[in-house]
Amino acid sequence: MERHLTVILSADVVGYSHLMEVDEERTHAAFCTCHAVIAELISRHRGRIFSGAGDSVLAEFASPVEAVRAAVDIQNNLAERSLDLPDNSQMKFRIGLNLGDVIAEGGNLFGDGVNIAVRLEALAEPGGICLSNSVYEHVAGKLPLQYVDIGPQRLKNIARPIHAYCASVQRTSENVLSITVIHTFGTNWLVPRLGAFQMAHRDLDLKLEVMSRVVDFAREPFDVGIREGHGRWPGLRSHALIECECAPFCSPDFLASAGEISTPTDLLKLPLLNWKDDWWLAWFKAVGVTNPEPLWLPSVELNTQVITSQAAIAGQGVALLTPAFFAGDILARRLVQLFDVTARTGSSLWLVYPEERHNSRKICVFRDWLLDEIQRGSA
């Protein structure tokens with residue numbers, strides 16, 4: 001038996017007994033789902049569950065900051081999770097946090113440090129977090145949360161009053177839509193349209209990150225993603241947006257100085273941007289040219305269509321681009337399409353999000369808006 005200082009997180013379900021009376025099997029299944037989420041998030045924040053009975057969970061953390069982060073992630077994740085519960089029923093947790101001295105014995109923890117966390121949990125709103133002053137002093141100013149000082153609290157079986165705070169998590173997840181998107185679609189297509197979405201949904205804040213890598217929704221704080229591929233990713237629901245196509249473009253000045261371009265093979269005499277990209281083989285195959293060999297070497301390799309289009313507009317060569325993403329440049333005659341043939345690249349763009357969050361309101365409204373915009377653009 002030994003003593004040490006640690007952060008205790010206590011969580012339990014609001015109205016669990018009533019839920020069990022209404023539908024025991026569905027309530028138990030829903031709690032098991034929530035418990036698995038809580039356990040994973042506690043582990044992710046370097047915590048350890050040391051006890052749990054019925055509808056409760058007790059965990060310890062070495063870091064107050066990580067403990068509060070875990071609590072916020074738990075409440076946000078559970079708030080958006082679709083659970084199979086009877087109509088008009090919800091499963092919400094209260095969470096209490098305390099930093100204090102505990103007695104450790106056989107992997108379990110005892111003492112006022114634990115009891116205070118349990119009592120504070122009862123002061124939290126359903127779906128909320130209540131923390132002692134000992135935790136607040138370590139996290140104030142370090143996390144983007146709002147705190148309400150509820151003053152000294154008389155807690156059952158605790159001799160001294162405990163100064164407590166409630167942490168607000170309302171706008172950390174439910175009201176923030178976090179989007180990951182590939183470069184060209186995000187920059188040229190999505191961003192110019194997001195203003196219209198936000199005007200229609202003023203309760204949502206938007207956070208958009210443009211990146212080429214594939215994110216792990218289980219470990220990264222994104223709600224939805226737009227990625228290129230085949231549309232089949234384990235654990236994700238996918239909606240087809242745009243089939244990837246390409247056609248050759250250049251600037252008007254480049255076209256004027258290039259000489260005669262009457263057949264597709266004439267392009268092989270010109271600098272072809274990103275020549276090593278498979279898109280060129282797909283396009284030449286679409287126009288009936290097999291085994292094309294460029295006469296202009298070396299080639300310039302650029303990693304996004306946005307950058308490639310800027311090189312083409314600057315007169316550096318011919319670029320294969322997706323026409324739908326450069327409608328403004330085409331209309332303004334900054335880019336000229338050299339042949340009417342558009343080739344399919346073999347992949348598409350997809351809207352994806354975790355299967356278990358398909359009923360999240362913010363995901364649903366964004367999905368419906370995006371699919372409607374894609375359909376209107378196609379029309």
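Predicted model: local features only at pLDDT ≥ 70, side-chain atom pairs only at ≥ 80, totals over all residues.

Visitor: OK, α8. Which of its residues are buried?
Guide: Helix α8 runs over residues 278–286, and its buried residues are W279, W280, W283 and F284. They span an arc of only 130° around the axis, so they sit on the same side of α8.

Visitor: And which exposed residues are on the face turned away from that?
Guide: D278 and K285. Both are exposed, on the face of α8 turned away from its buried side.

Visitor: What covers the buried residues?
Guide: The cover includes strands β12 (236–250), β13 (319–321) and β15 (343–354), along with helix α9 (305–313).

Visitor: How about the ends? What happens at the start of α8?
Guide: D277 is the one to look at there. One of its side-chain oxygens comes within 2.9 Å of the backbone nitrogen of W279. Just after the helix, G288 has a positive phi of about 85°.

Visitor: You mentioned α9. Which residues are buried in that one?
Guide: Q305, T308, S309, A311 and A312. Viewed down the axis of α9, they fall within an arc of 160°, so they line one face of the helix.

Visitor: What covers them?
Guide: α8 is part of it, and the cover also includes α6 (183–200), β12 and β13. As for what follows α9, there is G315, with a positive phi near 85°.

Visitor: Switching to aromatics. How many aromatic pairs are there in the whole structure?
Guide: A search finds 14. One of them is Y136 with Y165, a stacked pair at 3.8 Å centre to centre, with 10° between the planes.

Visitor: Where do those two tyrosines lie?
Guide: Y136 is in helix α5 (residues 133–139) and Y165 is in strand β8 (residues 162–168), so the pair ties together parts 29 residues apart in sequence.

Visitor: Is Y165 buried or exposed?
Guide: Buried, because its relative accessibility is 10% and the cut-off for buried is under 20%.

Visitor: What about charges over rings? What sits over W189?
Guide: The charged end of R193, 4.0 Å from the ring centre. R227 lies over the face of W233 too, at 4.9 Å from the ring centre.

Visitor: Now the cores. Which residues touch the most other members of the largest one?
Guide: M91, F93 and L97, in a nonpolar core of 38 residues. Helix α3 (residues 64–80) supplies the largest share of that core, eight residues.

Visitor: What does L97 touch?
Guide: Leaving out residues up to four places away in sequence, its contacts include I8, L9, A67, V68, A71, A117 and L120. I129, C130, L131, S132 and V135 are also on the list.

Visitor: What lies apart from that core?
Guide: Another core, of 34 residues. L204, A312, A319 and W369 are among them. A312 is also one of the buried residues of α9.

Visitor: Last one. Where is R357?
Guide: In the loop between β15 and α11 (361–378). R357 counts as buried, because its relative accessibility is 12%. Beyond residues up to four places away in sequence, R357 touches E80, F222, D223, K362 and I363.

Conventions: Residues numbered from 1 in each chain as written. Heavy atoms only, no water. Buried < 20%, exposed > 50% of the residue type's maximum accessible area, 1.4 Å probe, protein only. Helix = DSSP H or I, 4+ residues; strand = E, 2+ residues; numbered from the N terminus. Arc of directions from axis to C-beta. Contact = heavy atoms within 4.5 Å. Polar contact = N/O pair within 3.5 Å; in protein donor to acceptor, adjacent residues only side chain to side chain. Phe/Tyr/Trp six-rings, centres within 6.5 Å; stacked < 30°, edge-to-face > 60°. Lys NZ or Arg CZ within 6 Å of the ring centre and 35° of its normal. Core = buried A, V, L, I, M, F, W, Y, C linked by side-chain atoms within 4.5 Å.
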